[in-house]
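Subject: Handing over the structure, with notes on what was found

Dear colleague,

Please find the structure below, followed by my notes, which are meant for someone who is opening it for the first time.

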Amino acid sequence: MGPLLRHRLPLLLAFTLGVLAGCDSESDVLFEVTVPPETPADAVLRLQGADPGLGGSSGQGLELVSQGGRVFSLKTRLPKDEALTYRVWMSAPAEQVALDASGQPVPGQTVTLTKKSQTVGVSVERWGPPSGITQPQTVFVVEVPEDTPQDSTLYLPGNQPELGNWDPGAVALYKAVDGRHALSLSFAPGRKLEFKLTRGTWETVERDAQNNDINNRTLTTGTGFERVSITVEGWAKPRPPIPPVLTGDIRYLEVTPSNATLKPRKVIVWLPPDYKDTPTRRYPVLYMHDGQNLMDASTGFNGEWGVDETAQQLVTEGQVEPLIIVGIYNTVDRIAEYTQVPAAPQHAEDYPDAGRADLYGQFLVEELKPLIDSTYRTRPEGQYTGLAGSSLGGLVSMYLGMKHPGTFTRLGVISPSVWWANQNIITQVNALPGKLPLRIWEDIGTDEGDSSQDTTETVEDAQALRDALVAKGWGVDTDLKYTVVEGGQHNEAAWADRFDHILRFLYPQPPLVP
């Protein structure tokens, strides 16, 4: 061994021992962060702490790498046996921090490493602004079928302004991790949502795996944070056009109201079987709202009532008085036209145009009815004229019957939205000076709510309306027929199932004695 090597040995030994000592004092760490399913697919996530191995206190931290699915990871080297504080945050597409379930920012987390190689698992409950989230939050997370085009944008149309009031291409979701799509919205607690998924149009609406239409999805919003997981089974594929299946003598009219704030609309008219053969006979008339859903499945929102088939059969068999049925198509202003007063204060921003039933009623009384009376052989007197509808259509039928008792005297108040404006319709019944000359059918299904609580409230609301009418002098099973339909739902199929009973009560055979 030469003198130079002998002199260097102590130095090499000291360096090696120092390196080994350094290795013993540090840990190779793998951080694995599991993110919520609504995390954007293009999210940039960072891990930040005061230690240089975490980017230092003055920097943005170290960027995590997506491992697919909901896992992001980062490898770094950190000192052992020290309490290290760090946080996980999102720097893009918008600055977000980790929040707990209540919406408060998660404080820095602490870890003490004890091994040479160690994995640290971290889970993020939800994301939000650095100030946190105090209002209710509903997060929709949607899983789509494999044949969904990669460049698709999903939309969430529904019955609330936040859902675009059923505009199929208004409220877009963003692409989230793990191939999902997501959207975060804030609703007032207790809001009853109905909605579906589309890819921008009703021609690309979701369907089941067999390409059949599905019912509206429903949800009653809560008071805090809720994540709604949705699986789309399939998207609408081209089907042979549904030919209109119309029974009887069907006519159509195009009507433009004189008031420019009311939109033009179609009117469908069903004439009784003997209309052509008895040219001197005149007929009572039943006016019905949501006309496109009554007789023609090709125009129905969610099927049809089968009004034409039911009326044809009952009139032919002599079970109801021959009558004319007029279906008034709704417009995009349906909620506004079918509500008698503005929304309750807590919902006023959601329905800014509500409470225009008086204008709609004026159009029916002063324009549509005279047009029908002059076009067809009607019995125009009030005692022969009825008005019927479901949901908000049931509400507006009850209201306009009270508002125009000389024009409409037979009312079909079907699954009425008694809840509107804190049960204002009951307030209006209570304010009547006395009983009006109205024959009223009122019904409700036991399965019309979005939850067991909603269902109970819906039935209780309908019963409260019945009780208010009875208190004013209507007699149950005489001029007021109140029916609770066991298992009845809030849709066209359910209303079709009981339309025959409605007709028998409102237009019995033999005819009512004036």
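In what order do the four strands S12, S13, S11 and S17 form an open sheet, and what is the pairing? The order is S12-S13-S11-S17, and the pairing is mixed. Strand S12 (174–175) and strand S17 (225–231) stand at the edges with a single partner strand each, so one side of each has no neighbour in the sheet.

Before going further, please keep in mind that this is a predicted model, in which local features need pLDDT of at least 70 and side-chain atom pairs count only at pLDDT 80 or more, while totals for chains, interfaces and linings use all residues. Residues are numbered from 1 along each chain as its sequence is written, and side-chain values use heavy atoms, with hydrogens and water left out.

As to terms, helices (H or I, at least four residues) and strands (E, at least two) are DSSP runs numbered from the N terminus, and two strands pair if DSSP finds at least two bridges between them.

Sheets and strands

Within the sheet described above, strand S11 (residues 137–143) pairs with S17 in the parallel sense over seven bridges, and Val-141 has Ser-229 in S17 as its bridge partner.

Another open sheet of four strands, again with mixed pairing, runs in the order S4-S5-S1-S9. Strand S4 (65–66) and S9 are its edge strands, each with a single partner strand, so one side of each is left without a neighbour in the sheet. Strand S1 (residues 26–34) pairs with S9 in the parallel sense over seven bridges, and Thr-34 stands opposite Ser-123 in S9. In a regular strand, side chains alternate between the two faces of the sheet. Strand S9 (residues 117–123) has a covered face made of Gln-118, Val-120 and Val-122, and an uncovered one made of Ser-117, Thr-119, Gly-121 and Ser-123.

Aromatic rings and charges

The search of the whole structure finds eleven aromatic pairs, where rings of Phe, Tyr and Trp (its six-membered ring) pair if their centres lie within 6.5 Å, and planes under 30 degrees apart count as stacked, over 60 as edge-to-face and the rest as tilted. The rings of Tyr-351 and Trp-420 have centres 5.3 Å apart and planes at 65°, so this pair is edge-to-face. The pair links distant parts of the chain, 69 residues apart, with Tyr-351 in the loop between helix H3 (334–337) and helix H4 (357–375), and Trp-420 in helix H6 (residues 420–430). Both Tyr-351 and Trp-420 are buried, where buried means under 20% relative accessible area, exposed over 50%, and partly exposed in between (1.4 Å probe, protein chains only).

The charged end of Arg-377 is 4.0 Å from the centre of the Tyr-275 ring, and Arg-439 lies over the face of Phe-505, at 4.0 Å from the ring centre.

A cavity, and an aromatic cluster

One cavity of 30 Å³ or more is found in the whole structure, a cavity being a set of points on a 1 Å grid over the protein atoms alone where a 1.4 Å probe fits but cannot get out, with lining residues having an atom within 4 Å of a point. The largest cavity has a volume of about 40 Å³, and its lining consists of His-289, Asp-290, Asn-293, Leu-294, Trp-305, Ser-390, Glu-492 and Trp-495. Trp-305 and Trp-495 also form one aromatic cluster with Phe-499.

Backbone details

The peptide bond from Ala-92 to Pro-93 is cis, with omega near 5°, and Pro-93 lies in the loop between strand S6 (83–92) and strand S7 (96–99). The bond from Gln-509 to Pro-510 is cis too, with omega near 10°, and Pro-510 lies in the segment after helix H8 (492–506).

Asp-81, although not a glycine, has a positive phi of about 60°; this residue is in the loop between strand S5 (71–79) and S6, and is exposed, with a relative accessible area of 57%.

With best regards

Definitions and conventions:
On a 1 Å grid over the protein atoms alone, a cavity is a set of points where a 1.4 Å probe fits but cannot get out, and a pocket is an open set with protein on both sides within 12 Å along at least five of seven lines; lining residues have an atom within 4 Å of a point. Grid points are joined across faces, edges and corners, and a volume is the space filled by probe spheres set on the points. A charge sits over a ring if NZ of Lys or CZ of Arg is within 6 Å of the ring centre and within 35 degrees of the ring normal.
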